[in-house]
Amino acid sequence: MVAKRKPMPVAEAVQAVMNVGNEAKKEAIPLANSYGRVLAEDLVGDHDVPSFDRSPYDGFAIRAEDSTGANRNRPVHFQVVGEIGAGTVFPRAVQAGEAVRIMTGAKIPAGCDAVVMLELADEHNSDEMSIKRALSPGDNISFQGEDTKKGTPLVPKGTSIDPGVIALLATFGYAEVPVAIRPRVGIIATGSELLEVHEPLEPGKIRNSNAYMMAAQVERTGGEPVLLGKLPDDLDACIEAVSSALQEVDMLITTGGASVGDYDYVPDIIERLGGNPLFNKVAMRPGSVTTVAEIDGKLFFGLSGNPSACFVGFELFVRPILRRSLFFEKPHLKRTKATLGKDYPKPNPFTRFVRATLEEDDGRFVAKPGGLDKSGSVTSIAGADVLIALPGGSRGYETGMSVDIFLLDDHKGSEWPWENIVASYKS
Ligand SMILES: Nc1nc2c(c(=O)[nH]1)N[C@H]1C(S)=C(S)[C@@H](COP(=O)(O)OP(=O)(O)OC[C@H]3O[C@@H](n4cnc5c(N)ncnc54)[C@H](O)[C@@H]3O)O[C@H]1N2
Ligand code: MOO
């Protein structure tokens, strides 16, 4: 007789994993390699940006008061006393009636408080120009600190480094960037039916797809996958492999063997290695067999062998703790609402996480369950944008109902109807 397992509610199970401390650690890496990594310290501007008043235009820097009264009939003339490009500083204070030819990005010379655009100045020769309109102090100046002031918090730690963050890191002189060390996540596939990816099919066998899928999930989350191969259904071999893998990695995932069958060894492995089980069944579908334990102070995830269940188990249980150990403040999948795009008549006592595509219809997000909705299905994972969360109960769900969705990719969103936009901006 197989011992009955008691399913733990999903939220409680997720919390149980999050309660296991997984300290985030940092390292310094070159800026050029930091894209996609996670910032390990708050980024605070240590100087004003820009750090000096500068010209936003090619033109002439003047004293605004000297232009008083200029109009079309009575242009005001200036003596052009020099020229500066960006990076060059005019060496002296500008006097009454003088102008400095200045290029975009150059520091405003001392004494000047306005810039006339080149197009609005009449140049008479290389050392004289006139203008037909008066300027006010501050006209056409990019002021020191207008972008950001020294001491302003700009990007919190735990943020993915994207091109905008890279621009800031470069602006503030981070040749080396403090980033979270990518936790090493070991992946072992179990099952005597598994073939390597390059092997031809044989009767009763399948290729190991879960290990590679999870390696990609680990990478997408920000961790470093460590593929540790596949194991036959042999308890001693599994125990040996899990035990030595745990020495090498920060957390370990196995796929397969988590259920109650004759060769489902996950419970035995945990027991034999003296692990502390957090749960061995979750009130969800797919992935009800998801088992998590702490062994030797490290998290051990026994995910289902069924591909869709394995996928969901990773996103719900592995992703958040991995993100927590990358300093993320909000480690869980982003949640929002959408309209159900297709009937889901199958009632279930457990919460269901249904793979679906996300489309936009008349300004609303519509989530459409796609493909075969079985936990053994592999095809419906590809192309899934979201997981629809359907609470357990005795009824099904109808098209048009409002449902919670979890976004599988941080940057998901509907694509712009680009041709329409281009058409509407034809000027
Ligand atoms: N009597 C019961 N049988 C089952 C129960 C149950 O409660 N009572 N639960 C079912 C549910 S739900 C799930 S989910 C599966 C979970 O099974 P395991 O985690 O033990 O996984 P396996 O039996 O090893 O494999 C399941 C399925 O997935 C295929 N598989 C395994 N590894 C991989 C891989 N690396 N890549 C691709 N596919 C893989 C495997 O061949 C099986 O077809 O148990 C149900 N049974
Ligand atoms: O755990 Mo199974 O995936 O519920 O279907």
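Start by selecting Ile405, which counts as buried because it has 26 C-beta neighbours inside 10 Å. (Buried takes 20 or more other C-beta atoms within 10 Å of a residue's own, exposed 12 or fewer, partly exposed in between, with C-beta atoms placed from the backbone.) This is a predicted model, where local features need pLDDT of at least 70 and side-chain atom pairs count only at pLDDT 80 or more, while totals for chains, interfaces and linings use all residues. Residues are numbered from 1 along each chain as its sequence is written, and chains are lettered from A and ligands numbered from 1 in the order in which they are written.

Ile405 sits in strand 24, residues 402-407. (Strands are DSSP E runs of at least two residues and helices H or I runs of at least four, numbered from the N terminus.) Now show what Ile405 touches: leaving out residues up to four places away in sequence, the contacts include Arg335, Leu358, Ala367 and Val386. (Contact means C-beta atoms, placed from the backbone, within 7 Å.)

Next, jump to Gly186, which is 219 residues from Ile405 in sequence and 29 Å away in space, C-alpha to C-alpha.

From there, colour strand 11 (residues 184-190) and strand 15 (residues 251-255), which run parallel and are joined by 5 bridges. Within this pair, Ile188 has Thr254 of strand 15 as its bridge partner. Helix 6 packs on the sheet here, touching strand 11, strand 15, strand 18 and strand 19, and its direction makes about 165° with that of strand 19. (Axes are lines fitted to C-alpha atoms, for helices over the stretch in contact, and angles run from 0 to 180 degrees between N-to-C directions.)

Zoom out to the sheet: it is open, has 6 strands in the order 14-11-15-19-18-16, and its pairing is mixed. (Strands pair if DSSP finds at least two bridges between them.) At its edges are strand 14 (224-231) and strand 16 (276-279), each pairing on one side only.

Now the ligands. Which residues come nearest to ligand 1? Of the 27 around it, they are Asn210, Gly256, Ala258, Ser259 and Gly305. (Being near takes a C-beta atom, placed from the backbone, within 6 Å.) Helix 3 (210-221) and helix 6 (307-324) each give two or more residues to that shell.

Last stop: select ligand 2, whose surroundings include Arg285, Pro286, Ser304, Asn306 and Ser375.

Methods
Contact = placed C-beta atoms within 7 Å.
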